[in-house]
Amino acid sequence: MTQIAIHLVVTDPDQAATWYAEALGARETNRITLPDGRTLTVDLLLGDTVLAVAGEMPALGMRSPAALGGTSAALHVPVPDVEAAWARALEAGATVFEPVHDAFWGERTGQLLDPFGHRWALDQHIRDVPHDEIVSRAAELFSGSATA
């Protein structure tokens, strides 16, 4: 994976920044507050990734997943202990999208939805899997001949 800066639109950037810090271990690095006291954006560092959270601005096309009826993307976060990270996120208010399981590509992984509608996968590497094996297993799973 490579580094990418992510800009998430949420219903409340202050609450989101607090949640991402508590649940995912992000650290606040910058905040822009407007003269009327509203938070425009909060920059966080999640591992080596810049994560900016900003409030909705429908007139500018910035809408949260809730306003759009969900999200089509999952943000993957590598963690050293998926069970501990999973428990922390659920305790902070995340909901299960896909339970933690051992995936055929060599990770123990699960997906959850944060309170703002964004989907996160927590991934712990458990084994190296040859590319040919991944391709073969994916073909089995998505051809309908495997039971998952």
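Predicted model: local features only at pLDDT ≥ 70, side-chain atom pairs only at ≥ 80, totals over all residues.
Visitor: Which describes Leu34 here: buried, exposed or partly exposed?

Guide: Residues are numbered from 1 along each chain as its sequence is written, and side-chain values use heavy atoms, with hydrogens and water left out. Buried means under 20% relative accessible area, exposed over 50%, and partly exposed in between (1.4 Å probe, protein chains only). The value for Leu34 is 25%, so Leu34 is partly exposed.

Visitor: How many helices and strands does the secondary structure come to?

Guide: Helices (H or I, at least four residues) and strands (E, at least two) are DSSP runs, numbered from the N terminus. The elements run β-α-β-β-β-α-β-α-β-β-β-α from that end. The tally is four helices and eight strands.

Visitor: Which backbone oxygen does the side chain of Thr41 reach?

Guide: Thr41 is part of strand E3, with Ile32 standing opposite. At 13% relative accessibility, Thr41 counts as buried. A polar contact is a pair of N or O atoms within 3.5 Å; within protein, one must be able to donate a hydrogen and the other to accept it, and residues adjacent in sequence count only if both atoms are side-chain atoms. At 3.1 Å, the side chain of Thr41 reaches the backbone oxygen of Val53.

Visitor: Which residues touch the most other members of the largest nonpolar core?

Guide: A nonpolar core is a set of buried Ala, Val, Leu, Ile, Met, Phe, Trp, Tyr and Cys residues joined through side-chain atoms within 4.5 Å. In soluble globular proteins, nonpolar side chains tend to be buried together. H1 gives the most to this core, with six residues. Among the 27 members, those touching the most others are Tyr20, Leu24, Val53, Trp120 and Leu122.

Visitor: Why are the buried residues of H3 on the same side?

Guide: The buried residues in helix H3 (residues 82–91) are Val82, Ala85, Trp86 and Ala89. An α-helix has 3.6 residues a turn, so residues three or four places apart point the same way. The arc is that of the directions from the helix axis to the C-beta atoms. These four sit on the same side of H3 because they cover an arc of only 100°.

Visitor: What do the buried residues of H3 pack against?

Guide: Contact means heavy atoms within 4.5 Å. Leu122, for one, touches residues including Val82, Ala85 and Trp86. The buried residues of H3 pack against helix H1 (13–24), strand E6 (95–102), strand E7 (107–113) and strand E8 (119–125).

Visitor: What angle does the direction of H3 make with that of E6?

Guide: E6 belongs to an open sheet of four strands with the order E5-E8-E7-E6. E5 and E6 stand at its edges with a single partner strand each, so one side of each has no neighbour in the sheet. Axes are lines fitted to C-alpha atoms, for helices over the stretch in contact, and angles run from 0 to 180 degrees between N-to-C directions. H3 packs on the sheet, touching E6, E7 and E8, and its direction makes with that of E6 an angle of about 170°.

Visitor: Which residue in the turn of the E6 and E7 hairpin has a positive phi?

Guide: E6 and E7 run antiparallel, joined by five bridges. Four residues lie between the two strands, and the one in the turn with a positive phi, about 100°, is Gly106.

Technical notes
Pairing = 2+ DSSP bridges.
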